[in-house]
Amino acid sequence: MEPHPPQPQQLSFSTPSSRICIISILLDLPAKSLLRFKCVSKAWHRLISHPKFQETHYARRASVPRFFFRFSDFDYDQFSGTVRQRFAILNSAGVPLDVLRVNAVGGPIKLVLLSSRGLLCFATETCVYLCNPATRSLIQLPPPHGVDRQGNPLTISGFGFGYMESAGEYKVARVVHRPWLGDHSPCKLECSVFTYSVSAQPPAAAAAATNDWKLLADTCPYFVTQVGLPVFARGTESIYWKIVQNQHCLCHSTAQARPDVFLAYLDVKKERFGVVRWPQGLRRPRPSVGDWREAGSVGKLSMIETPEDLPLRLVVWLLTDQENSHWVRQAVVSLPVFGHGTILGEIKECRSDLIIYSSPENAIIFINPENGTFRKVSIPANLRSLDFCTYTENLLTLQLPPNQGGN
């Protein structure tokens, strides 16, 4: 049976009113301060480490997003084979707060997946990491299984990452292509999923991996691309990728090559793949980076269009039914501050706003699709980067069971 969190009267403050006041103040503090305050006393440590306190704290911090930028430079230690990468953390006003330094193996970090419930997922050439920037905890996931005919690791086609609220589990999906005969023969796109579930046992409120990589029975019907980044939508508990149309002939799949299909998705709960078509009657955009972006807005997939016939306009679409590819045109937003018609970077939902990073302008844009308004936050010039994401502070401390390794 789970023990109850410390009550206000259990904490050694002078008066009952001050006890309640202190707890309320603690819940409003950033994670960095709370991690220091764990050292004040055992009672404070139990309180701050308790899952219920951390859940309440996460809910309050959801309205105060943090922004995460990767510096372009990195240091390589040839003796240990590690790469030291730096990330800048900014507040919602664009003010730098801190620098996170990450030591990774397997070369420099190639991909930073969009955050999900406070955690980020990194990938190098050979390793996959989970990171909590709020607690500065980092774990290396066990290496996925599978090699090609020459004994080399299988080529990775795509990654995905998200948090399943229904199960209380983080999911990391990895898509690889395995040739049937030779390197240029048709292949199947295998998908493996790693599950990382949050432990409900206090006082640490840590997390533990429940299993190794699980090879799914279903295969991905199309080659997918990491350009534009995969997106996890909370409402459907699915990971979405853009597909690569011109490589469909190389994929051994029952799906047919269709010009109206542009997204492949993995229903993480059902462990099944599906596809999403363009909205009916919609102009086909040019295949250039930045024409489309997706986000898990209000639990569903949102898509941003920058149409050529509407300069300096953003059209926001919402996927209301992924099984039948039903889209709803949510809003048209005028952005006269831009001198470019292309939006780059992540789109993230925060309360009723969509958050966009515009690389040409080096600014973060908050868009409210309901009333078609926006506001702009400028970013320091030295942080210009295409690797941008947002996250909500989570007090979760990451760890793997001893038999699964990690660092």
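**Note on the predicted model**

1. Of the contacts (heavy atoms within 4.5 Å) in the protein between residues at least 6 apart in sequence, 53% link residues at least 24 apart. The model is predicted: local features need pLDDT of at least 70, side-chain atom pairs count only at pLDDT 80 or more, and totals for chains, interfaces and linings use all residues. Residues are numbered from 1 along each chain as its sequence is written, and side-chain values use heavy atoms, with hydrogens and water left out.

2. The protein contains 4 helices and 26 strands. Helices (H or I, at least four residues) and strands (E, at least two) are DSSP runs numbered from the N terminus.

3. Of the 407 residues in the protein, 53% are buried; this term denotes under 20% relative accessible area, with exposed over 50% and partly exposed in between (1.4 Å probe, protein chains only). The protein exposes about 18600 Å², of which carbon and sulfur atoms supply 53%. Accessible areas come from the Shrake-Rupley method with a 1.4 Å probe, and for residues only the protein chains shown count as cover.

4. The UniProt record, an unreviewed entry, places the feature "domain: F-box" at residues 21–53. UniProt positions follow the numbering used here, feature names are shortened, and annotations may be inferred rather than shown by experiment. Over residues 21–53 the chain is 79% helix and 0% strand, and the end C-alpha atoms lie 15 Å apart. Cys-21 is partly exposed, with a relative accessible area of 41%, and Cys-39 is exposed, at 69%.

5. The disulfide count is 0, where a disulfide is a pair of cysteine sulfur atoms within 2.5 Å.

6. Strands pair if DSSP finds at least two bridges between them; S4 and S5 (residues 119–123) do so over 4 bridges. Leu-113 has Cys-121 in S5 as its bridge partner.

7. Further along, S19 (residues 301–305) and S20 (residues 313–321) pair in the antiparallel sense over 5 bridges, with Ile-304 partnered by Val-316 in S20. S20 also runs antiparallel to S21 (residues 326–334), joined by 8 bridges, and Val-316 stands opposite Ala-331 in S21. The hairpin of S20 and S21 has 4 residues between the strands, and Ser-325 takes a positive phi near 55° there.
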